[in-house]
Amino acid sequence: MKTIKILQTVAFIGIITFFTSCVVAHPYTPYAPAPSASLSLIVDPFPGIAVSRYQDGRYYYRNPQGYTYWRGYDNRYYLDRSYVGRGYYNHRDYNTWRRGGNYGGRHHRY
């Protein structure tokens, strides 16, 4: 009688172990980098760029993510000042942006 209870207990534990090991594990998916990490401070003009003109005469480019770039004196497009805090930039890129054509969104007439 004792061996039957021991066999039943072992079989029960074996069945539970079998079913718990058959659970489908979800594959590991690392977190995607923040979208702002790939945000460029300066955009060079390229063929097919959709440039618009603001009411006060300034030219701007709006990228597919919705960020606004203003045209500088060197005909490159500089990220609007309001978006700068949303990304991580190295000092060289930031200094280039700061010295750029419109100093990060100042209102100039072009």
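This report walks through the sheet, the core, the salt bridges and a surface patch of one predicted model.

Residues are numbered from 1 along each chain as its sequence is written. Because the model is predicted, local features need pLDDT of at least 70, side-chain atom pairs count only at pLDDT 80 or more, and totals for chains, interfaces and linings use all residues, while side-chain values use heavy atoms, with hydrogens and water left out.

## The sheet

Helices (H or I, at least four residues) and strands (E, at least two) are DSSP runs, numbered from the N terminus. Two strands pair if DSSP finds at least two bridges between them. Here five strands make an open sheet. Their order is β1-β5-β4-β3-β2, and the pairing is antiparallel. β1 (42-43) and β2 (51-53) are the edge strands. Each has a single partner strand, so one side of each has no neighbour in the sheet. Strands of a sheet pair through backbone hydrogen bonds, either parallel or antiparallel.

Now follow the pairs from β2. β2 meets β3 (residues 59-62) over three antiparallel bridges. V51 has Y61 in β3 as its bridge partner. Three bridges then join β3 to β4, again antiparallel. In β4, Y69 is the bridge partner of Y61. β4 is joined to β5 (residues 77-79) by three bridges, and these two strands run antiparallel. W70 stands opposite Y78 in β5.

The hairpin of β3 and β4 has five residues between the strands, and its G66 takes a positive phi near 100°. The hairpin of β4 and β5 also has five residues between its strands. In that turn, N75 has a positive phi of about 65°.

## Buried residues and the core

Buried means under 20% relative accessible area, exposed means over 50%, and partly exposed lies in between (1.4 Å probe, protein chains only). Strand β4 (residues 68-71) is covered on both faces. T68 and W70 are buried on one side, and Y69 and R71 are buried on the other.

A nonpolar core is a set of buried Ala, Val, Leu, Ile, Met, Phe, Trp, Tyr and Cys residues joined through side-chain atoms within 4.5 Å. The largest one has 14 residues. L41, Y61, Y67, Y69, Y77, L79 and W97 touch the most other members. β1 and β5 each supply at least two residues of this core. β5 gives the most, with three residues. In soluble globular proteins, nonpolar side chains tend to be buried together.

## Salt bridges

A salt bridge is a side-chain nitrogen of Lys or Arg within 4 Å of a carboxyl oxygen of Asp or Glu. By this rule there are two salt bridges.

| Salt bridge | Distance (N to O) |
|---|---|
| D56 and R58 | 3.0 Å |
| D74 and R76 | 3.0 Å |

R58 lies in the loop between β2 and β3. At 2% relative accessibility, R58 counts as buried. D56 is partly exposed, at 27% relative accessible area. In the other pair, D74 is partly exposed at 40%. R76 is partly exposed at 25%. Side chains of opposite charge can pair when their charged atoms come close.

## A surface patch

F12, I13 and I16 form a nonpolar patch on the surface. Together they have about 300 Å² of accessible area, computed by the Shrake-Rupley method with a 1.4 Å probe, where only the protein chains shown count as cover for residues. Patches use residues with over 30% relative accessible area and no salt bridge; like charges are joined within 9 Å, and nonpolar side chains (Val, Leu, Ile, Met, Phe, Trp, Tyr) within 5 Å. I16 lies in helix α1 (residues 2-21). I16 counts as partly exposed, at 39% relative accessibility.
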